[in-house]
Amino acid sequence: MTILAALFVTLLVLCFVGVPVGFAMIGSSIAVLAVSRGITDIPFDMVAQRTLYGVNNFTLLAIPAFLFIGRLMNASGISDRVFDVARVAVGHFRGGLGHVNVLSSMLFAGMSGSAVADAGGLGPVQMRAMERDGYDRGFAAAVTASSSTIGPIIPPSIPAVIYGALAGVSIAEVFLGSILPGIIMGGAMMALVAVISSKRGYPVAERATMAQVGRAIARGILPILSPVIIVAGILTGIFTPTEASAVALVYTLVIAVAVYRTMGLRDLWIAFKDTAIDTAALLVIIAGSAIYSWVLARYQVTSDITTFLAGTIESPWVLLIWLNLFILVIGCFIDSVPALFLLTPLLTPLLAQYGIDPVHFGVIMILNLMIGLVTPPVGTVLFTVSRVADIPFGRLVREIMPFYIPLFGALILITFVPWIVNVIPDLFLR
């Protein structure tokens with residue numbers, strides 16, 4: 001436990017002084033090795049080997065592919081087409097554009113797999129439309145921020161790829177296990193939007209005509225088919241989740257450049273460059289987490305935690321409650337991707353002893369960390385939406401408070417009803 005405390009404290013100190021998370025993980029690992037073995041006996045060859053080993057993983061190729069897809073969606077205007085489809089589907093209900101906001105996030109989730117990509121790309125489209133129709137800017141921003149958390153739940157999902165690779169479980173099962181929880185989250189948010197819209201007297205739009213529905217579907221059917229192709233290909237065994245990311249990338253590139261013709265060479269270059277920068281930043285975190293996990297294993301930290309918990313907690317349900325609280329706290333201070341790399345190697349060895357399905361736990365962990373994205377003090381999505389919507393951070397936090405009800409409600413339901421996660425993987429893959 002002393003090693004664990006030293007690792008966490010050193011990591012937090014380095015992050016606090018401004019060291020990037022990936023380098024902070026490497027630095028804290030080397031610091032612990034230096035204290036325990038002596039500065040002259042640090043196995044730098046092993047440190048280098050383990051650090052590089054962390055990024056030498058075929059599964060992780062899906063990450064830059066999904067990042068690039070998100071960039072293409074935003075740059076080519078595909079997000080506008082997705083929004084129009086959602087608008088003709090649910091825009092005529094009370095608080096219609098709030099429902100459109102949530103539904104378009106669910107549809108966009110099947111393409112970008114990233115909450116920040118959703119908030120930064122589709123968010124401005126959603127918020128401008130809501131303001132034009134008389135919705136309060138704070139409410140529009142709160143709906144946008146909270147609905148963007150669905151992105152990494154409904155497949156494809158960058159966090160699901162990371163969790164599956166680190167935990168050694170089927171990414172396809174994590175993908176499929178996330179579908180029903182994502183739908184439940186969207187339905188719960190839309191119910192809350194209806195209640196708030198009714199109280200505040202937000203407008204009801206006219207029902208779209210058949211001609212408008214046809215035009216919207218014709219404009220948006222190709223991007224909406226992307227998640228269908230991904231899930232269908234995985235279910236039928238035509239390709240793996242990693243290969244599915246490449247298929248989805250080529251598909252998106254074709255419809256953006258050749259079909260819609262909304263991207264030129266300059267736009268493609270910017271998308272390539274931004275994706276390369278994002279990928280490099282993630283690879284540093286992955287490399288850092290690899291050496292960090294190796295130090296945890298070398299000093300038997302995980303086995304010590306397992307022994308300690310086995311002597312104090314007997315019920316798997318009690319363990320899940322404590323793990324939920326622990327992950328929620330971590331997620332409030334550390335962004336979701338670094339938190340996944342930090343926590344997955346530490347927590348997943350506990351699951352077998354308590355008979356907890358790792359796929360079930362993976363969805364729980366990802367949802368916890370998504371809640372962290374919209375929770376102060378870090379709240380990456382909150383800062384993104386606050387900047388895009390040009391509203392004070394404090395006002396956005398006040399507006400988003402009611403949306404914690406559906407988020408935490410979905411988390412509790414998924415935690416204590418594993419069937420919600422397991423039913424689709426059981427039906428198709430197990």
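A salt bridge is a side-chain nitrogen of Lys or Arg within 4 Å of a carboxyl oxygen of Asp or Glu. The side chains of Arg 200 and Glu 399 meet in such a bridge, at 3.5 Å from N to O. The structure holds 3 salt bridges. This is a predicted model, in which local features need pLDDT of at least 70 and side-chain atom pairs count only at pLDDT 80 or more, while totals for chains, interfaces and linings use all residues. Residues are numbered from 1 along each chain as its sequence is written, and side-chain values use heavy atoms, with hydrogens and water left out.

**Arg 200 and Glu 399**
- Arg 200 lies in helix α11 (residues 179-200) and Glu 399 in helix α21, so the pair ties together parts 199 residues apart in sequence. Helices (H or I, at least four residues) are DSSP runs, numbered from the N terminus.
- Glu 399 is buried at a relative accessible area of 16%, whereas Arg 200 is partly exposed at 42%. Buried means under 20% relative accessible area, exposed over 50%, and partly exposed in between (1.4 Å probe, protein chains only).

**Arg 395 and Asp 136**
- The closest N and O atoms of the salt bridge between Arg 395 and Asp 136 are 3.2 Å apart.
- Arg 395 lies in helix α21 (residues 393-400) and Asp 136 in the loop between α7 (115-132) and α8 (137-147), so this pair ties together parts 259 residues apart in sequence.
- Arg 395 counts as partly exposed at 27% relative accessibility, and Asp 136 counts as partly exposed at 30%.

**Arg 219 and Asp 84**
- Arg 219 forms a salt bridge with Asp 84, with 2.7 Å between the closest N and O atoms.
- This pair links distant parts of the chain, helix α12 (residues 210-236) with Arg 219 and helix α5 (residues 78-90) with Asp 84, 135 residues apart.

Conventions
Helix = DSSP H or I, 4+ residues; strand = E, 2+ residues; numbered from the N terminus.
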